[in-house]
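Hi everyone, thanks for coming. Let's take a few minutes to look at the pockets in this one together.

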Amino acid sequence: MSTTQLTELTLRAQEVTPVPAPEIEYGQLAPVLIVLGAAVVGILFEAFVPRRGRYAAQALLTGLALASAFAAVVALAATGHATTEAGLVAMGALAVDGPTLFLQGVILLVALVSLFVFAERRLDPRAHGRHVDSFAAEGAAVPGGAGERAAVQAGFTTTEVYPLLLFAVGGMLVFPAANDLLTLFIALEVFSLPLYVLCALARRKRLMSQEAALKYFLLGAFSSAFLLFGVALLYGYAGTVKYAGIAEVVANTNTETTEALAATSGNDVLLLLGGALLLMGLLFKVGAVPFHMWTPDVYQGAPTPVTGFMAAATKVAAFGALLRLLYVVLPGLTWDWRPVLWGVAIVSMLAGAVIAITQTDVKRLLAYSSIAHAGFILAGVIAATPEGISSVLFYLGAYSFVTLGAFAVVTLVRDAGGEATHLSKWAGLGRRSPLVAAVFAVFLLAFAGIPMTSGFTGKFAVFKAAAEGGAGVLVVIGVIASAIAAFFYIRVIVLMFFSEPQVGGPSVAVPSALTSTAIAVGVLVTLLLGVAPQYFLDLAAQAGVFVR
């Protein structure tokens, strides 16, 4: 290359406009930064803190991080970022608005209560003189192998679950706040990968736990692939991954149309296929039919603290992302996605309620119950009105704490093999331990939607919004599905209080203050949102406006 050519290349390089530094609003991103920062510190704890001190250090760090992040969410809401100061941050990648802060607050509270169940170490008998928790002594060891036996004898415990919990929470905080499709996908992977690992770490029934994790991973990988393919198709259609840009092209209000964009934006096949694939990925995460097949196996095989956290927090994050996608990106396609969601909601409500009747395992019963509840929540999504958004937000908050409390109770009923989840072993529980049975009955009545519980208020809110949005037939089907579901909830209550206890049946473990607090919080929220829900309904209504 000649000197002249080198000089020309140098001059051209000097003429290139430098890439501007990104503007990051650290204050508005504080909840996410606190959680992810604590997760990184937790990994360092695993490397440098002596093994005997890791449990206390990790539990304390995780609790402080979650509480601090929740305080940051409250501070942002108090300074108007849920209403008048709502806006886009991180170069438009995230939205800080009412739905974001409401859902982030619920996720953080759910994670904080879940932490109490994660940290419980008094339910199992001591192993070699040491307290043990619900997680494997050595996650990488072969189940039943020499490595696992040595780890148990040495008193090891898998304290890596706490950083994994924080990483999952960090991804969940970003997921409903994502304002472009790539951020949505990255957040999905950030919270999904830790959950795959957590599902495989049960101390007892490790093979079942690992099988559940493998099923979740494989099906989750497929759903992620579908979602990413949908992202590619929508980018091909709109020429952008930002929510506002796609919405403008869909509504045909984009003023900066290029020749290439004009050639693709008229192709509705890209739009419809891309939107359908995105919906598939999100409906998998909420556990709606026909993307529900992973739910009962994973709920049954995963450690019960992980099941409770996943059942509550994942549904909150996924429905938040689904709301933003439908109401911000695809409002111009309401007449296209509403019939699809009608079908999904109806099948989810009926299939979840009917199949739950045949279950003989408590965790699988609660899994099919969650599928039915996904259908009930979709009724509020289908309303396509501000009231629909607020009803879904309220329902998510109410459902989360009922679910957490129910799975916390499941950890208490135990026999020689660990948790006694077969329904036959719960016979006569009301005579053996009236308080535990009564608490579980409260949660079951809330799932059934009985008045004076949060379940009734939540169902009434979503059904009212759906009826006002023109989905009266869906409401009728929802009421029928609720009546079917009430049958198996009442059946469990009858089994507990009106059956003779088995000779040599399971016992009810006496928990520490940690699990007792988690259950007490669940009962308190369930009754409070059922008896005096108006303040929280108003809060959800105020938080129900998306920034665009």
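Helix α4 gives the lining of the largest pocket its largest share, six residues. Helices here are DSSP runs of H or I with at least four residues, numbered from the N terminus. Before I go on, this is a predicted model, where local features need pLDDT of at least 70, side-chain atom pairs count only at pLDDT 80 or more, and totals for chains, interfaces and linings use all residues. Residues are numbered from 1 along each chain as its sequence is written, and side-chain values use heavy atoms, with hydrogens and water left out.

By pocket I mean, on a 1 Å grid over the protein atoms alone, an open set of points with protein on both sides within 12 Å along at least five of seven lines; lining residues have an atom within 4 Å of a point. Volume is the space filled by probe spheres set on the points, with grid points joined across faces, edges and corners.

So, what lines the largest pocket? There are 26 residues, and F70, F102, V106, F536 and L539 lie nearest its centre. They divide into 20 nonpolar, six polar and no charged; Ala, Val, Leu, Ile, Met, Phe, Trp, Tyr, Cys and Pro count as nonpolar, Asp, Glu, Lys and Arg as charged, and the others, Gly among them, as polar. The volume of this largest pocket is about 700 Å³.

Now the second largest pocket, with about 350 Å³ of space. Its 17 lining residues include S390, S391, A461, K464 and L537, the closest to its centre. Here α19 supplies the largest share, seven residues, and the classes are eight nonpolar, five polar and four charged.

Conventions: 1 Å grid on protein atoms, 1.4 Å probe; cavity = no way out; pocket = protein on both sides within 12 Å on 5 of 7 lines; lining within 4 Å. Helix = DSSP H or I, 4+ residues; strand = E, 2+ residues; numbered from the N terminus.
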